[in-house]
Amino acid sequence: MSDDTDSWAKARADMVATQLKARGIADKRVLEAMGKIPRHLFVPEDMQPLAYDDGALPIGEGQTISQPYIVARMLELLSLKRRDRVLEVGTGSGYGAAVLGHLVERVVTMERLPHLARAARGRFSNLDMDNVTVITGDGTLGYPLKAPYDAILVSAGGPSVPKALTDQLAPGGRLMIPVGAAEFLQNLLLIERHGAELRTTVHEAVRFVPLIGEQGW
């Protein structure tokens, strides 16, 4: 990957050690992926010195790139396998999709804001990541053309779980989504499909930008 100086590599290694491993992230594949993806290339240039800090950062248009620990936590909870077909809702700058692209063979990521979608496509192209497809559209409706998905990751907080997304889960599929108040805390929900049954597990409180769309806010 381009622009990978020793200082950036050290910053990633420090992030993995102090923010992820030290807080209990144990999935070796997730740790490896986050140790390789150049997070500084997914934030505005003036934010790059803060790229590996322990927090979310603004990326423009009222959106953010999530805290590294939260990205790792959501990915670990999804229990991803290499051959999984994955849908991400809320591309943002593309960082989450880039990490996913290191973990699975194919990723479809959806972004409602055209400018962010175009910028993310450019980043994936520059990094020679040809297994990530960016779709501009309403992510709350999913992307039926490539369904069903083994895993769906929603990177924005919704008022409830969009039915369109649960309908696009494959048998045994998992959906990770923050659900709660738009301007306050949400809880991470892991929804797993077992035949016709959906089983929900509630995890920790988080704070994401609102999930905007027909089945969101």
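A word on the model: it is predicted, with local features needing pLDDT of at least 70 and side-chain atom pairs counting only at pLDDT 80 or more, while totals for chains, interfaces and linings use all residues. Residues are numbered from 1 along each chain as its sequence is written, and side-chain values use heavy atoms, leaving out hydrogens and water.

Helix α5 (residues 114-126) packs on the sheet and touches both β4 and β5, contact meaning heavy atoms within 4.5 Å. The direction of α5 makes about 165 degrees with that of β5; axes are lines fitted to C-alpha atoms, for helices over the stretch in contact, and angles run from 0 to 180 degrees between N-to-C directions.

Now step back to the whole sheet. Seven strands form an open, mixed sheet in the order β5-β4-β3-β6-β7-β8-β9. At its edges lie β5 (132-136) and β9 (197-206), each pairing on one side only.

Finally, visit the loop between β2 (63-65) and α3 (68-78), where serine 66 is found. Serine 66 is buried, because its relative accessible area is 17% (buried means under 20%, exposed over 50%, partly exposed in between, with a 1.4 Å probe and protein chains only). Leaving aside residues up to four places away in sequence, serine 66 touches Arg39, Gly55, Ala56, Val71 and Phe208.

How values were computed. Two strands pair if DSSP finds at least two bridges between them. Helices (H or I, at least four residues) and strands (E, at least two) are DSSP runs, numbered from the N terminus.
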